[in-house]
Amino acid sequence: MLTKIRFHPRDRLWFLADSNLEKLIIKCEMYVAGSINIEQLRQLIKEQIVNKYSKFHWVINPDSTIKYQDDLDFSYHITQDQEINLLKDKPLWRFNISKESDNTKIEFHIHHCLLDGLSLVSLLRQLAKANVSDHFLTKPLRKQFNPGIAFGVGIGVIKTLLRILFAKANHELQTGIKLTSSSRPILTGQSIVTDFEKVLAETVKKKITSPKSLIGVPVSMVTNSQRVKAGLGNFFSFLPLTVERGEHIFSDLKTKKKTREVLSTYLVSMFIGSLPSKLGKYFVKFISSHIFGVISGVYVSSNVLKILDKEITRINAWAPILDGQHFSITTVTYNKQITINEVSRV
């Protein structure tokens, strides 16, 4: 049975950015010590994810309407030794497991209009049945709000739009995409936030060749528990930061990560996600063409997690990029190591 449901603007924004539902695919890999039984994995995913979150039943139509699909084909959504291709007439997510020596690789692909990277962390914790405390690179902004913020937010919206308007637009780039990954241990005594900033500063500095380039930084709007209660989705502000004279962005990031700046960009994205399709697509394309690259970081756990009683040894995740963007870098912090995952044009 198919039943129509509502597409929230914060999720619809990512449909407008990729109405063909082909490019904005979040990709994740988990390496597990030992073998995983596919039937047990299907049952685990059904119990811990599919039965809990309605988004995993969504079928998205070309006109951005959504239908709810009751009966899912788990032989399609959770496979073994197959290449992952998402079919548009089915919910836009799939798992695949494959054997690698004595280990198992679990791949997971899902479209961005269903959830963001931090919601992906919630799913990993659900599968691992992890009882770990919330820990994100930003504190929830809801506690910082006050009655006098409206004027400041209005000024922040204007500044955000002007920053994008006067940023250097990217020319059309190659269509080829390359995914890479590397890892390193977190330095003793160094905080996760400091390590995240240091790693990305080194990487981004090599990529930025012209002044006034904009880097997009996702900033979480809610805690992990709030995401879960809301049924997952896209709960972040996409903060555009200017890279001046080849310097890294993190001094700018620390000053901009305030309620006014972050809330302003969130409201802009919600507004665009509410527009008629043609107008919304135009604004998304305009903004994305002025974003040179995207950097983001997710924290999973400081300890080893298990799935079906098998230890997860490593986790990789890649945030997608839009036409005109040069790269995205995603760091995943897990079990005292930080993995640097990059999507770049080739």
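A residue is called buried when its relative accessible area is under 20%, exposed when it is over 50%, and partly exposed in between. The model described here is predicted.

**Charged pairs**

Side chains of opposite charge can pair when their charged atoms come close. Across the whole structure, a search finds six salt bridges.

| Salt bridge | N to O distance |
|---|---|
| Asp11 and Lys55 | 2.7 Å |
| Glu100 and Lys105 | 3.6 Å |
| Arg227 and Asp116 | 2.8 Å |

The side chains of Asp11 and Lys55 meet at 2.7 Å, N to O. This pair links distant parts of the chain, 44 residues apart. Asp11 belongs to helix α1 (residues 9-17), while Lys55 sits in the loop between α2 (38-50) and β3 (58-60). Asp11 and Lys55 are both buried.

Arg227 and Asp116 pair with their closest N and O atoms 2.8 Å apart. Arg227 counts as buried because its relative accessibility is 0%, and the cut-off is under 20%. Asp116 has a relative accessible area of 2%, so Asp116 is buried as well.

In the salt bridge of Glu100 with Lys105, the closest N and O atoms are 3.6 Å apart. Why does Glu100 count as partly exposed? Its relative accessibility is 32%, so Glu100 falls between the limits of 20% and 50%. Lys105, with a relative accessible area of 13%, is buried. Glu100 and Lys105 also belong to a network with Glu29, joined through salt bridges that share partners.

**Nonpolar cores**

The largest nonpolar core has 65 residues. Within this core, Phe56 and Trp93 have the most contacts. Helix α4 gives the largest share of the core, seven residues.

Which residues does Phe56 touch, not counting residues up to four places away in sequence? Its contacts are Ile49, Val50, Leu72, Pro91, Trp93, Phe108, Ile110, Leu115 and Leu123.

A second core is separate and has 16 residues. Among them are Ile215, Met221, Val262 and Ile295.

Terms used: Residues numbered from 1 in each chain as written. Predicted model: local features only at pLDDT ≥ 70, side-chain atom pairs only at ≥ 80, totals over all residues. Heavy atoms only, no water. Salt bridge = Lys/Arg side-chain N within 4 Å of Asp/Glu carboxyl O. Helix = DSSP H or I, 4+ residues; strand = E, 2+ residues; numbered from the N terminus. Buried < 20%, exposed > 50% of the residue type's maximum accessible area, 1.4 Å probe, protein only. Core = buried A, V, L, I, M, F, W, Y, C linked by side-chain atoms within 4.5 Å. Contact = heavy atoms within 4.5 Å.
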